[in-house]
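Hello,

Here is the structure I promised to pass on to you. Have a look at it first, and then read on for what turned up in it.

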Amino acid sequence: MFKSITIKIGSNVLTGNDGMLNENRVSHLVDQISDLHRKKKKVILVSSGAVAAGRSMVKVCKKTDTVSERQLLSSVGQVKLLNTYFQLFDAHGIKCAQVLVTKQDFRSREHYLNMKNCITTLLDNGILPIINENDAVSVTALMFTDNDELAGLLATMMSSEALFILSNVDGIYNGNPTNPDATVIRSIDGSNADLSEYISTTKSNFGRGGMLTKCRMAQKTASSGISVHIANGTTDNILTSLNKNHQEVIHTQFKPGDKYPAVKKWMAYSEDFANAEVVVNQGAYDALISKKATSLLLAGVVKLIGNFQKGDLLRISTEAGESIGIGKAKYGREEADSHMEDSKFQPLIHYDYLYLNQ
């Protein structure tokens, strides 16, 4: 049984075939979360459903573009969604709080720690945080891939023991889920195994992400030391069953790897905020991916792209253009350029501030 759990509930779990909010299902999920809360589990809820809730309240003008429609529906629907959660949790004697975030809220270590402090304070005071992306202002580049990415970031940030991702299927299949011979893959390690050939890239009607997105984010989160579980949120008592004895539940578990140091937890999800890029040669690449802790020296740098200062995040790439990680610059571009020929100069990126893609 897990003591701390981040739960992500997808749009297709919370909505009916008509695209509207399924309040009966929301109520059943709240009953289970409340049971976990009473058992002193630290639960963080990442909930989609604002847009679906808004559909039942607003008739959108035909001239409204897709982005504006999403902003409209989420703005109106978030009120209904949280009011629904508030009433249902209140019936269990549980106080909840709304936290709306954008990807930009995690752009710096300072913002990251402020977010962590907010959620920690809520949990310490017995209040259940309900978190969603602020779709009213999050558009295009400012958006998370979907709430799976947000849930993975939060689970990692808060060092949750487990992340439950509830979808409308039983897990990751070893073939097309519509094929009667396909079965659920019960266990996957935290490595970056390529499962794309097994997973449909078709997105749902109500969510932005697909199963491939879930798989990649689950692997990334599991690699940081968190047990990740993708399960069917429409199954009765799924949350209770997962926490009681997940081995008996038909679903997919991504087994946890080694835990990251705190600063690397932030860096793992910060690649989009990198200010510049450093291209490394084959020797540096081999050294970085080896099991030995290795810093990035200028001797392994082929070229630097973009300007940067000390403390900025740098995207690390191979000469073939493959992104392999992210690091924090120990000094600025000007100093790096002046020492490119000095093979013994201090590392551009120290190992303690280096995150490599798994």
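Histidine 246 is buried, with a relative accessible area of 12% (buried means under 20% relative accessible area, exposed over 50%, and partly exposed in between, with a 1.4 Å probe and protein chains only). Histidine 246 sits in the loop between α8 (238-245) and β8 (252-254); helices (H or I, at least four residues) and strands (E, at least two) are DSSP runs, numbered from the N terminus. Setting aside neighbours within four places in sequence, histidine 246 has contacts with Phe2, His229, Ser241, His251 and Gln253, where contact means heavy atoms within 4.5 Å.

A word on how to read all this. This is a predicted model, in which local features need pLDDT of at least 70 and side-chain atom pairs count only at pLDDT 80 or more, while totals for chains, interfaces and linings use all residues. Residues are numbered from 1 along each chain as its sequence is written, and side-chain values use heavy atoms, with hydrogens and water left out.

How confident is the prediction, going by the average pLDDT of the chain? The average is 87, and 91% of the residues score at least 70; pLDDT is the predictor's confidence in each residue, from 0 to 100. Over residues 201-209, though, the pLDDT is below 50, and this stretch has 23 contacts in the model beyond near neighbours in sequence. Where pLDDT is low, the predicted coordinates should not be read in detail.

Now to the salt bridges. A search of the whole structure finds seven of them, a salt bridge being a side-chain nitrogen of Lys or Arg within 4 Å of a carboxyl oxygen of Asp or Glu. Here are some of the pairs:

- Aspartate 124 pairs with lysine 42, their closest N and O atoms being 3.6 Å apart. This pair links distant parts of the chain, 82 residues apart: aspartate 124 is in helix α5 (residues 109-124) and lysine 42 in strand β2 (residues 42-47). Aspartate 124 is exposed at 53% relative accessible area, whereas lysine 42 is partly exposed at 43%.
- Glutamate 149 pairs with lysine 103, with 3.1 Å between the closest N and O atoms. Glutamate 149 lies in helix α6 (residues 147-157) and lysine 103 in the loop between β3 (96-101) and α5, so the pair ties together parts that are 46 residues apart in sequence. Both glutamate 149 and lysine 103 are buried.
- Arginine 333 pairs with aspartate 337, and here the closest N and O atoms are 3.0 Å apart. Both lie in helix α11 (residues 333-338), four residues apart, about one turn of the helix. Arginine 333 is partly exposed at 21%, and aspartate 337 is partly exposed at 41%.

Helix α4 is worth a look too. Helix α4 (residues 66-90) has 25 residues and spans 35 Å from its first C-alpha to its last, close to the 36 Å expected at 1.5 Å a residue (the expected span is 1.5 Å times one less than the number of residues). At glycine 77, α4 bends by about 30 degrees, the bend being the angle between axes fitted to the seven residues ending there and the seven starting there. Buried residues in α4 include Leu73, Gly77, Leu82 and Phe89.

Finally, proline 180 is in the loop between β5 (162-167) and β6 (187-188) and is exposed, at 77% relative accessibility. The C-alpha atoms of proline 180 and leucine 82 are 39 Å apart.

Best wishes
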